[in-house]
Amino acid sequence: VERMKKKSVVKPIVYGNTAVPLVHKRDNDQHTHQWTVFLKPYLAEDPTKWIRKVQFRLHESYANQTRIIETPPYEVTETGWGEFEIQIRIYFVDNNEKPISTFHYLRLFQPTIELPSGNQIVCTEFYDEIIFQEPTVPMYKALQAG
Ligand code: SLL
């Protein structure tokens with residue numbers, strides 16, 4: 001595969017989760033919260049130019065533990081009762097670029113932020129950067145387009 005010699009491209013990303021308590025108690029499954037785990041570009045750009053899909057791997061207590069999201073927003077909304085680590089795996093438009101993984105610990109109770117409405121929700125997010133060292137030629141073009 002032909003690669004761009006001595007070139008590197010940086011893509012800033014943000015990932016994390018929000019969570020709110022369920023208004024109605026559920027007797028059947030003990031679920032207490034609704035949550036959303038997400039991954040997005042830090043900048044306002046079209047991520048489909050360089051991201052093929054994002055895979056979220058949930059706790060084994062969930063049916064369909066592996067969730068694949070092919071179009072933005074890259075996020076999974078679920079309900080549950082417990083916190084656990086989620087594997088977030090990013091696949092790129094050029095399959096010659098290996099997928100990369102990060103891990104996010106799903107938070108249901110802390111830290112909270114206050115919305116303009118005055119409501120408190122749990123929100124935790126992290127900034128990171130994907131650095132493509134000598135990307136393939138097609139990947140380099142895709143990264144410029146995004
Ligand atoms: C804990 N180690 O004990 C963690 C596990 C599992 C969370 C948390 C519901 C799953 C379902 C759910 O919240 N699992 O009912 O589908 O805290």
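Q: Where does Glu-134 sit?
A: Glu-134 is in the loop between β9 (120–133) and α1 (137–145). Helices (H or I, at least four residues) and strands (E, at least two) are DSSP runs, numbered from the N terminus.

Q: Before we go on, what kind of model is this, and how is it numbered?
A: It's a predicted model, where local features need pLDDT of at least 70, side-chain atom pairs count only at pLDDT 80 or more, and totals for chains, interfaces and linings use all residues. Residues are numbered from 1 along each chain as its sequence is written.

Q: Back to Glu-134, what's its phi?
A: Near 45°, a positive value in a residue other than glycine. Glu-134 counts as partly exposed, with 13 C-beta neighbours inside 10 Å. For the cut-offs, 20 or more other C-beta atoms within 10 Å of a residue's own make it buried, 12 or fewer exposed, and anything in between partly exposed, with C-beta atoms placed from the backbone.

Q: And Gln-30, buried or exposed?
A: Gln-30 is exposed, with 10 other C-beta atoms within 10 Å. Its phi is positive too, near 65°, and Gln-30 lies in the loop between β1 (8–21) and β2 (33–41).

Q: Switching to prolines, which peptide bonds are cis?
A: One joins Pro-72 and Pro-73, with omega about 0°. Another runs from Gln-110 to Pro-111, with omega near -10°.

Q: Where are Pro-73 and Pro-111?
A: Pro-73 is in the loop between β4 (66–69) and β5 (74–80), while Pro-111 is in the loop between β7 (100–105) and β8 (112–114).

Q: OK, the sheet. What's the strand order?
A: β5-β2-β1-β9-β8, an open sheet of 5 strands with antiparallel pairing. Two strands pair if DSSP finds at least two bridges between them.

Q: Which strands stand at the edges?
A: β5 and β8, each with a single partner strand, so one side of each has no neighbour in the sheet. The twist averages 30° from one strand to the next, using axes that are lines fitted to C-alpha atoms and angles from 0 to 180 degrees between N-to-C directions.

Q: How many bridges between β1 and β2?
A: 9, in the antiparallel sense. Val-14 stands opposite Lys-40 in β2.
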